[in-house]
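Subject: Handing over a structure

Dear colleague,

I am passing a structure on to you, together with some notes on what was found in it. Please have it open beside this message as you read.

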Amino acid sequence: FIMAKQVEQLEKEKKELQERLKNQEKKIDYFERAKRLEEIPLIKTAYEEQRVRDMELWEQQEEERITTLQLEREKALEHKSRLSRMLEDRDLFEARLKASRRTVYEDKLKQFQERLAEERRNRLEERKKQRKEERRITYYREKEEEEQRLREEQLLK
C-alpha cells in the first residue's frame with residue numbers, strides 16, 4: 001500500500017512538474033511574442049532613422065566628391081595653361097633633337113653604304129680572281145688531258 005502511494009505520489013509530482021513546465025513555456029512564448037510585437041514598431045523607426053542618416057551621409061560624401069573633382073579640374077586647367085606656354089619651347093627642342101639625330105643617322109647610313117659598296121667590290125674582285133684561276137686550271141688540265149690522249153694514240157699507232 002505504501003509503495004503504491006509512493007508511486008502515485010511520484011506520478012502526481014511528475015505531472016505537476018510537466019504542467020508547470022508547460023505553463024512556464026507558454027508564459028515565455030507569450031512574453032517573447034509580446035516583446036516582438038512591441039519591438040516591431042521600434043525596429044521600423046530605428047530602420048527609418050538609420051536610412052535617413054545613411055542618405056544624409058551619402059549626400060554629404062557625394063557633395064565632397066563633386067567638390068574635389070571640381071578642384072582637380074581647376075588644377076588640371078591651370079596646369080594645362082601653364083604648360084601650354086612651354087609648348088613652343090618643347091616643339092623647338094624636339095625639332096633640334098630630331099635634326100641632330102637625323103644628321104647622326106644619315107652619317108651612319110652613309111658610312112654603312114660606303115662599307116657595303118667596298119665589301120661588294122672586294123667580293124666581286126675576289127670572285128673574278130677565283131673564276132679566272134678556275135678557268136686557268138681547267139685549261140691546263142684539259143690541255144694536259146689532250147696531250148695525254150695524243151700520246152696514247154701515238155703509242156697505239
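The structure holds twelve salt bridges, a salt bridge being a side-chain nitrogen of Lys or Arg within 4 Å of a carboxyl oxygen of Asp or Glu. Please keep in mind that this is a predicted model, in which local features need pLDDT of at least 70 and side-chain atom pairs count only at pLDDT 80 or more, while totals for chains, interfaces and linings use all residues. Residues are numbered from 1 along each chain as its sequence is written, and side-chain values use heavy atoms, with hydrogens and water left out.

In general terms, side chains of opposite charge can pair when their charged atoms come close. One of the salt bridges joins Arg33 to Asp29, with 3.3 Å between the closest N and O atoms. These two residues are separated by about one helical turn, because they stand four residues apart in helix α1, which covers residues 2-84 (helices are DSSP runs of H or I with at least four residues, strands are runs of E with at least two, and both are numbered from the N terminus). Arg33 counts as partly exposed at 47% relative accessibility, and Asp29 is likewise partly exposed, with a relative accessible area of 42%; here buried means under 20% relative accessible area, exposed means over 50%, and partly exposed lies in between, with a 1.4 Å probe and protein chains only.

A further salt bridge connects Glu147 with Arg151, where the closest N and O atoms are 3.8 Å apart. Both residues lie in helix α2, four residues apart, or about one turn of the helix. Glu147 is partly exposed at 36% relative accessibility, and Arg151 is partly exposed at 45%.

Asp91 and Arg90 also meet through their side chains in a salt bridge, at 3.0 Å from N to O, and Arg90, Asp91 and Glu94 are linked in a network of salt bridges. Asp91 counts as partly exposed at 36% relative accessibility, as does Arg90 at 44%.

Turning to the surface, Tyr105, Leu109 and Phe112 form a nonpolar patch that has about 290 Å² of accessible area together. Patches are made of residues with over 30% relative accessible area and no salt bridge, like charges being joined within 9 Å and nonpolar side chains (Val, Leu, Ile, Met, Phe, Trp, Tyr) within 5 Å, and accessible areas come from the Shrake-Rupley method with a 1.4 Å probe, where for residues only the protein chains shown count as cover. Leu109 belongs to helix α2, residues 87-156, and is partly exposed, with a relative accessible area of 34%.

There is also a negative surface patch, formed by Glu56, Glu59, Glu63 and Glu64, of which Glu56 is placed in helix α1. For charges, Lys and Arg count as positive and Asp and Glu as negative, whereas His and the chain ends are not counted; the place of a charge is taken as NZ of Lys, CZ of Arg, CG of Asp or CD of Glu.

As for the record, an unreviewed UniProt entry places the feature "coiled-coil region" at residues 3-34 and 59-149; its positions are given in the numbering used here, feature names are shortened, and annotations may be inferred rather than shown by experiment. In the model, residues 3-34 are 100% helix and 0% strand, with their end C-alpha atoms 46 Å apart, while residues 59-149 are 98% helix and 0% strand, with 115 Å between their end C-alpha atoms.

With regards
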